[in-house]
Amino acid sequence: ALQTLLTTEERFHLATPEQRFRVVSQNCVLEEGTAKLTSETHGVEQAHYLVVHVRKNGKWSRDSVRETLLAPAGAQSKLNELDWLLGNWKHRNEQGSTEIRCERIHNNRFLSLVFKLRGQDGGEVSGTQMIGWDPSTRSIRSWSFDTQGTLQQGVWRRDGESWLVKLVAVLPDGSIGSEQRVLTREEDGGLGIEVIEQQVQGRLLPTAEKVLLVRQAAK
């Protein structure tokens, strides 16, 4: 927030709704609080800040300033609805295996979902999916990349204990594909993943059976 203020000529409104002071010594005072920065271009940004004030030769000055951006309330609350995905998941049968690891990253603004798929023939595909709140569309979106070179973008919509994910993909050969996938929080605590529609260049592809993943105990 403060870095943005220092690197632009746009006018900002800066407010400090929360402000606290703590006397460490006669020559040192800590100032802590929340800063709210508002502009026409960037909207509202909030940051937690810490300022160290020191007195030298009878004069007070700022010795250091630190800040940590806070995620917007709307984004944080929406992502919290996906907290049940956090952790390690695994599914294995005679057709192959699926492994997923989900964790929060980047100051809790995004979820990182790392996946690894193994087929019956021993072939393996792994990749990363980033999930976050898009304030321009006011929706949860995802961006995926895998070892085959496939790029995917998705939009997530909640329906009870399930999430419908609509994906558009650019395949390694440049063709365009689409997919509708349902992620379900099962009653037994498991994770269900079902592809209900898949297309490549407008041609429907056969879909696989629903996969049920089990949460793995933390090591």
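Which residue takes a positive phi in the hairpin of β6 and β7? In this hairpin, which has four residues between the strands, the residue concerned is His-106, with phi near 55°. The coordinates belong to a predicted model, in which local features need pLDDT of at least 70 and side-chain atom pairs count only at pLDDT 80 or more, whereas totals for chains, interfaces and linings use all residues. Residues are numbered from 1 along each chain as its sequence is written, and side-chain values use heavy atoms, with hydrogens and water left out.

Strands are DSSP runs of E with at least two residues, numbered from the N terminus, and two of them are said to pair if DSSP finds at least two bridges between them. By this criterion β6 and β7 pair in the antiparallel sense over 10 bridges, and Glu-99 stands opposite Lys-116 in β7. Strand β7 also pairs with β8, again in the antiparallel sense, over nine bridges, with Val-114 opposite Thr-128 in β8. The hairpin of β7 and β8 has four residues between the strands, and here Gly-122 takes a positive phi near 90°.

In soluble globular proteins, nonpolar side chains tend to be buried together. When neighbours within four places in sequence are left aside, Ile-100 is in contact (heavy atoms within 4.5 Å) with residues including Leu-113, Val-114, Phe-115, Leu-191, Ile-193 and Leu-213.

Glu-179, which lies in strand β12 (residues 176-185), counts as buried because its relative accessibility is 9%; buried means under 20% relative accessible area, exposed over 50% and partly exposed in between, with a 1.4 Å probe and protein chains only. The side chain of Glu-179 makes a polar contact with the side chain of Arg-181 at 2.6 Å, a polar contact being a pair of N or O atoms within 3.5 Å of which, within protein, one must be able to donate a hydrogen and the other to accept it, while residues adjacent in sequence count only if both atoms are side-chain atoms. Beyond four places in sequence, Glu-179 touches Val-165, Lys-166, Leu-167, Val-195, Glu-197 and Gln-198.

A search of the whole structure finds zero disulfides, defined as pairs of cysteine sulfur atoms within 2.5 Å. Cys-28 is buried at 16% relative accessible area, and Cys-102 is buried at 4%.
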